[in-house]
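Here is a short briefing to read alongside the model. Have the sequence and the 3D view open as you go.

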Amino acid sequence: MARSHFDAAYFDRYYHRRATRVHGPREIARLARGVTELCAWFAGGEAIASVLDVGAGAGLWRDWFGRHKPGIRYRSVDASAYACRRYGHLRRDIARWRTRERYDLVVCHGVLHYLDDAACEAAIDNLGAMTRGFLYLEAPTADDLVRVVDAEVTDLEVHRRSGRWYRERLGRHYVALGCGLFYARSGRLRFYELERCDGD
């Protein structure tokens, strides 16, 4: 059964306490730098102008963008009332919410595995509708939960789905580029065959 709320205790356990946190500012800085540099590479050096951060949690991506790319139009949303109050996000449930606005980069880091199958599928459709360019996605699969994640610092109260389940639904909207990076099928960029992971 997946966690139904994300309160102060959750954020303390997984984001604030150094010994038990899943990610800290240093790790997210490396990740954000890598993601944005790959996006710039694929886009021929064209800068990302807009970012939507879905499930923004403790605001680590927001802090990085604020320090390193202050000119970007950045929007953060989260379903947690606590996270929105503490970190200043808009309260939105990605399974039920979408805007007509589209973004050059959508970040969905550690969100989808908390949603049941129907909500997760709806969330992927909503992400697809709001992505003009790139999606960075992290969602551990059932296999990852057994073979990859560190159980000491990972919340295991999640829905366990196969990578195939995710890929089938993401493939409706995105070309898979690897390392958690996807590109909107409606976008203007084209990729070499070996840059893609979906074989299309």
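In which helix do W61 and F65 both lie, and how many residues apart are they? Both lie in helix 3 (residues 60-68), four residues apart, about one turn of the helix. Helices here are DSSP runs of H or I with at least four residues, strands are E runs of at least two, and both are numbered from the N terminus.

This is a predicted model, in which local features need pLDDT of at least 70, side-chain atom pairs count only at pLDDT 80 or more, and totals for chains, interfaces and linings use all residues. Residues are numbered from 1 along each chain as its sequence is written, and side-chain values use heavy atoms, with hydrogens and water left out.

**Aromatic rings**
- Rings of Phe, Tyr and Trp (its six-membered ring) pair if their centres lie within 6.5 Å; planes under 30 degrees apart count as stacked, over 60 as edge-to-face and the rest as tilted.
- W61 and F65 are stacked, because their ring centres are 6.3 Å apart and their planes at 25°.
- W64 and F65 have centres 5.2 Å apart and planes at 80°, so this pair is edge-to-face.
- One aromatic cluster is formed by W61, W64, F65, Y74 and Y136.

**Burial**
- F65 is buried (under 20% relative accessible area, where exposed is over 50% and partly exposed in between, with a 1.4 Å probe and protein chains only), at 2%.
- W64 is buried too, with a relative accessible area of 4%.

**Strand 7 (residues 181-184)**
- L181 and Y183 point one way, F182 and A184 the other, and all are buried.
- Four bridges join strand 7 to strand 6 (residues 174-178), and the two run antiparallel; strands pair if DSSP finds at least two bridges between them.
- Y183 is the bridge partner of V175.
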